[in-house]
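I opened my notebook for this one with a simple plan.

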Amino acid sequence: MSVFPKDFLWGAATASYQVEGAHDADGKGLSNWDVYSHLPGTTYMGTNGDVAADHYHRFKEDVALMAELGMKSYRFSVSWPRLFPKGRGEVNEAGVKFYSDLIDELLKYGIEPMLTMYHWDLPQALQDEIGGWESREIIDAFEGYARLLYERYGDRVKLWATFNETIVFTGLGYLTGMHPPGVKDPKRAIQACHHVFIAHARAVETFRKMGVQGQIGFVNVLQPNDPITNSAEDVKACELAEACFTHWFYDPVLKGEYPAELLAMAQTALGVPVFAPGDAELMKNNICDFIGVNYYKREMIAANYDVDGFEMNTSGQKGSGKELGWKGLFKLVRNPNGRYTDWDWEIYPEGLTDAIMRINKRYGNVPIYITENGLGAKDPIVNGEVLDQPRIDYLREHIQATGEAIKLGADVRGYYPWSFIDLLSWLNGYQKQYGFVYIDQENGLARKKKLSFGWYQKVISSNGEEL
Ligand code: BG6
């Protein structure tokens, strides 16, 4: 008998900027990524999402493929500037209609929509006019945007997530400078991140006040951090990494407060986050209904006396990544016995079980959706067929690891591989593929099912028994 509950949501995921294209169609405003990706030297070989998979124009064809795959649920994100070209104020009805039609199309096939409100594409106007996430004004703007989503889609969407991976868009956006707005300042990063937590809490509060019939959550990176040795220094460095990477991002939405020790450290050293009156209560009173977790890899951590920098492998040349870290705190090091992808991400399925159980231990039996998991690879094409066997192997092992967590008592309710279709990887271009469906860039973006498509079809129809 399957270890997965009978109503388990087998899905797949995408995000607006990475898949839609149509970046200036039908009244859409520009997003921060529309602007940033056109600046020289920001992305892999200058790739951008102007066209992407052109899902905006081809969504019916894509949803038909989702239905053929047997998907029970589809996780997508809404582009804020498609609805509010300036981030607030006037609504672009054509944009509202696009998602409304997409939702109807999904429901036509019995596919449950899971809507992410913010997967990193901020209206550029909010960056220019108020300074984006650094301004408290963005909290009202986000609430207004959330309200519109509830009003227009709340009758049909039952699963909502406010933010995707705050650690990434605030970390890379304000600390390492690799995402827009390209800032490198820990103080600004921590305060911007605080505004995200407050915007999230306000959106949850409004959701409940408006009586939307559904569940609302938050999506975080799930990354277990393990010490590279048992030395006291490495173990201590690892505890700090776990607090920074995990507790800082999960505690505010699942406990309604920051981890006390780390908060004191940040406020003493940098004077942030600064709380406005009412922030603490707002966080406390608006705990998530569920948590979405995106799992790709674990990190091995060591005490750090030398490395100060953050240069990732964005080329897909195995071994080209450098050690990353903050001197005096901790660094991320390679596991000499590990299996790695071409982008130097460790393949470690056991880490998914471990990390889920760590969440379970710290926050109780909170409902969990695995909102992303997948293998980024340059898929081999043999005689015109995309033979992505490594992806099948990766997903099989991670589905098994999910099953282990369920056996141990975790309340995992759904699994959304990243990604349904090949799409733009923010800094890695189109050569880092994740999809069940290949996009032929040379042939008018024609869709083609990969080997993994047929495999996942069987996984779904057997409720995870046939792997
Ligand atoms: C997550 C994001 O960080 O990982 C996705 O939510 C992203 O948007 C995915 O594409 C894979 O990362 P990358 O860098 O390989 O595209």
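**Entry 1: salt bridges**

I started with Arg-188 and Glu-134, whose side chains form a salt bridge at 2.8 Å, N to O; the term asks for a side-chain nitrogen of Lys or Arg within 4 Å of a carboxyl oxygen of Asp or Glu. This pair links distant parts of the chain, 54 residues apart, with Arg-188 in helix H9 (residues 186-209) and Glu-134 in the loop between helix H6 (124-130) and helix H7 (137-153). Helices (H or I, at least four residues) and strands (E, at least two) are DSSP runs, numbered from the N terminus. Arg-188 is partly exposed at 34% relative accessible area, and Glu-134 is partly exposed at 28%. For these words I use buried for under 20%, exposed for over 50% and partly exposed in between (1.4 Å probe, protein chains only).

A note on the source: this is a predicted model, where local features need pLDDT of at least 70 and side-chain atom pairs count only at pLDDT 80 or more, while totals for chains, interfaces and linings use all residues. Residues are numbered from 1 along each chain as its sequence is written, and side-chain values use heavy atoms, with hydrogens and water left out.

Next I looked up Arg-136 and Asp-279, which meet in a salt bridge at 2.8 Å, N to O. Arg-136 sits in the loop between H6 and H7 and Asp-279 in helix H12 (residues 279-285), so the pair ties together parts 143 residues apart in sequence. Arg-136 is partly exposed at 35%, whereas Asp-279 is buried at 2%.

Arg-447 belongs to strand E18 (residues 446-449) and Asp-62 to helix H3 (residues 55-69), so parts that are 385 residues apart in sequence are tied together. Both Arg-447 and Asp-62 are buried.

How many salt bridges does the structure hold? I noted 38. I also found a network of them linking Asp-226, Glu-242, Arg-298, Glu-346 and Arg-358.

**Entry 2: the ligand**

An N or O atom in the Tyr-434 side chain is 2.5 Å from a ligand oxygen. Trp-426 places a polar side-chain atom 2.8 Å from an oxygen of the ligand, and for Asn-428 the distance is 3.2 Å. The protein covers 91% of the 370 Å² of accessible area that the ligand has on its own (Shrake-Rupley method, 1.4 Å probe).

**Entry 3: backbone**

Most residues other than glycine have a negative phi, and most peptide bonds are trans. Here I logged a cis bond joining Val-272 and Pro-273, omega about 0 degrees. Another cis bond runs from Trp-418 to Ser-419, with omega near 5 degrees.

Asp-54 has a positive phi of about 55 degrees and is buried at 17%. Asn-383 has a phi near 50 degrees and is exposed at 77%.

Definitions and conventions
A polar contact is a pair of N or O atoms within 3.5 Å; within protein, one must be able to donate a hydrogen and the other to accept it, and residues adjacent in sequence count only if both atoms are side-chain atoms.
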